[in-house]
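Take a look at the model first, then read the points grouped by topic.

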Amino acid sequence: MKKLIKKIIILGAKKAFQKGLLKADIFPNMNIEQPRHDAHGDLSTNFAMISAGVQKMPPRKIAEIVISCINDSNGIIKKIEIAGPGFINFFLKDQAWYPFLKKIHDQNKNFGSLDYGKGEKVLIEFVSANPTGPLHVGHGRGAVVGDTVGNILAFAGFDVQKEYYINDSGQQIKTLGISVWIRFLQSLGHDIELPKDCYQGNYINDIALELNKKMGVELAKLITKNKAEVEKDKKDGILICAKYAAEKILKNIKHDLTCFGVKFNNWFSEQSMYDSGLVMETIEKFKKKNIIYEKDKAWWFKTKNLGDEKDRVVIKKNSLTTYFASDIAYHLEKFTRGFDRVIDVWGADHHGYIKRINACLDASGIKTNKFDVILIQLVNLLRDGEPVAMSTRAGEFVTLKNIIDEVGSDAARFIFLSRSFDSSLDFDLKVAKQKTNENPVYYVQYVHARIAGIMAKALSCGINSDVYSDSNLDVSSLKELEEIKLIKILTMFPEIIKKSAETLNPHVIFTYLMTLASAFHGYYNKHKVITEDKDLTLARLCLVFAVKKVIGNSLFLFGVSAPDSM
RNA sequence: GCGCUUGUAGCUCAGCUGGAUAGAGCAACGGACUUCUAAUCCGUAGGUCACAGGUUCGAAUCCUGUCAAGCGUACCA
């Protein structure tokens with residue numbers, strides 16, 4: 001609709017120029033928007049105001065001229081007004097909106113999908129939690145945002161791959177091994193303390209006990225008399241524990257994510273880049289280019305003159321690589337795999353890393369605008385307004401699995417999307433379980449269920465949905481204000497998808513869903529769909545079925561179910 | 001110190017690539033079920049958009065500065 005109005009204005013302006021009424025045939029990029037107030041029409045443009053400069057005329061005068069030259073060949077315009085400083089307000093006939101219902105029914109599950117992405121290959125990496133412990137709330141938010149952004153981009157015409165980066169290498173895995181090893185020794189009755197820098201959670205105990213049961217005898221053979229040796233990472237026992245624990249925990253992570261409806265196309269192992277030599281190859285390449293240099297017996301990446309505050313170490317004095325080293329290799333590898341765009345989802349506390357990743361892309365000749373980071377702010381886990389005690393040190397925390405089991409996947413996902421990712425989020429377990437207005441998921445799902453109820457009743461009256469979703473149906477009996485308003489909101493859906501894809505922010509769709517749901521509930525309370533009037537009934541069924549489809553398409557992107565009854 | 005993010009109703013937040021009278025929900029108060037699901041709706045009330053300047057026809061939105069909160073600024077991962 002906006003496109004159509006834009007075209008009408010441009011044609012009008014061109015005609016005005018040909019007639020000599022306008023001085024220039026330069027037409028700046030105008031905005032067409034739906035005004036907040038009904039008194040300002042259905043659609044409004046600032047065309048006259050932004051043209052004041054090039055036309056060297058007052059905005060209201062330009063508006064007058066353009067309007068006089070406008071040709072409404074489709075017969076959709078009821079009235080045009082000039083308002084305020086020079087807005088041109090369009091009041092449209094009801095019939096202008098009707099074709100969109102047909103479009104929604106025809107396109108069905110594809111309504112809202114775009115070719116905006118033009119098949120560009122996008123890799124979105126998210127969660128990527130270390131396999132050293134269970135997922136918690138923060139991971140949950142990242143998981144849902146990443147998964148949903150991926151869905152939205154795919155819907156908007158990108159070729160999307162979702163990936164999980166497994167940090168299965170380095171210090172934290174060794175620490176994991178030591179933690180399990182010591183718990184194992186404790187389970188055999190050895191008098192030994194678990195060091196403070198080890199993982200304290202109960203799940204470590206569980207793994208140790210499991211190991212004891214499965215291969216306790218073989219493991220026990222690896223114990224040496226010297227307790228001081230315990231923490232040396234070369235110990236076979238520790239290596240076995242590390243490998244077993246990491247695999248076990250990763251398996252649980254995968255399971256939890258599956259329960260949460262989060263699917264990945266690929267699981268990428270950090271260790272695999274060491275095994276294949278890719279990390280060292282990458283470092284050598286940069287050494288040759290003098291971008292990695294030696295200082296103080298360590299090797300540094302020149303990130304400072306590429307926007308970072310200082311250079312960063314990639315190989316430490318002790319000749320071990322840093323996390324950054326494999327990260328460089330990984331991010332470059334993403335591009336060599338052929339992706340046009342790379343998106344990472346990180347916790348906001350990692351924001352300092354953006355500059356250094358950008359620096360290494362820059363040094364490799366990759367445009368940094370091909371790389372986006374979605375920074376997710378904190379989640380505060382509450383129960384009835386009170387913070388839930390979360391002590392990682394003591395190993396006491398509510399896991400993501402606990403939350404899903406308690407409140408359900410739908411409620412959890414929807415709440416994670418209920419705030420823009422750049423503001424912190426209060427996740428209240430009590431509210432998430434409540435079936436009230438405070439809990440937005442039911443508000444939206446209820447729309448879907450209510451419409452399903454109406455359609456079921458229609459069917460029992462012998463009215464099949466084929467009848468009212470038919471392209472040739474006459475919907476001209478839709479005259480109520482609420483009905484036209486609903487169609488207007490429905491027509492916005494593709495723009496909402498575009499905006500969401502542009503900003504990589506699902507929250508745009510969340511806000512839209514709330515608006516649509518609110519408009520529907522208002523309509524539902526005021527007007528009956530199924531009435532004695534056959535034509536009106538069919539037209540209204542056509543309308544609410546279209547609402548149901550748009551709600552369904554949105555919830556599908558969110559990974560939230562759209563129930564037919566509640 | 002420097003950098004990033006945030007500051008909007010009593011509370012939780014939208015609105016931010018400049019537009020007309022700044023919007024929801026919760027909490028408060030008053031109403032609506034003989035009906036297609038009341039997990040809903042309607043109404044009332046609630047504001048120095050942190051503060052001060054600047055840019056212009058026009059600023060919650062852009063720029064600068066100040067204040068406040070969170071985070072970051074490792075040869076940690």
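Helix H4 and helix H18 cross in a left-handed sense; a crossing is left-handed if the near helix is turned anticlockwise from the far one by less than a right angle, and right-handed if clockwise. This is a predicted model: local features need pLDDT of at least 70, side-chain atom pairs count only at pLDDT 80 or more, and totals for chains, interfaces and linings use all residues. Residues are numbered from 1 along each chain as its sequence is written, chains are lettered from A and ligands numbered from 1 in the order in which they are written, and side-chain values use heavy atoms, leaving out hydrogens and water.

**H4 and H18**
- H4 spans residues 99-107 and H18 spans residues 481-491; their axes come within 10 Å and cross at roughly 50 degrees.
- That angle makes H4 oblique to H18 (under 35 degrees counts as roughly parallel, over 145 as roughly antiparallel, 65 to 115 as roughly perpendicular, the rest as oblique).
- Axes are lines fitted to C-alpha atoms, for helices over the stretch in contact, and angles run from 0 to 180 degrees between N-to-C directions.
- Phe100, Leu101 and Ile104 of H4 meet Ile487, Leu490 and Thr491 of H18 (contact means heavy atoms within 4.5 Å).
- By class, this contact of H4 with H18 has 5 nonpolar residues, 1 polar and no charged ones.

**H5 and H19**
- Helix H5 (residues 137-155) packs against helix H19 (residues 493-503) at about 125 degrees, with the axes 9 Å apart.
- H5 is therefore oblique to H19.
- From H5, the contact uses Ile152, Leu153 and Phe155; from H19, Phe493, Ile497, Ser500 and Ala501.
- The classes here are 6 nonpolar, 1 polar and no charged residues.
- The crossing of H5 and H19 is left-handed.

**The sheet**
- Four strands form an open sheet in the order E1-E2-E4-E3, with antiparallel pairing (two strands pair if DSSP finds at least two bridges between them).
- Strand E1 (32-33) and strand E3 (77-83) are the edges, each pairing on one side only.
- E1 pairs with strand E2 (residues 43-45) over 2 bridges.
- Ile32 has Thr45 in E2 as its bridge partner.
- Helix H3 (residues 59-69) lies across E3 and strand E4 (87-92), at about 160 degrees to E3.

**Domains**
- Chain A divides into domain 1 (2-96), domain 2 (127-265 + 377-433) and domain 3 (437-558); the bounds come from an automatic or database domain assignment.
- The centres of domain 1 and domain 2, taken over C-alpha atoms, are separated by 58 Å.

Definitions and conventions
Ala, Val, Leu, Ile, Met, Phe, Trp, Tyr, Cys and Pro count as nonpolar, Asp, Glu, Lys and Arg as charged, and the others, Gly among them, as polar.
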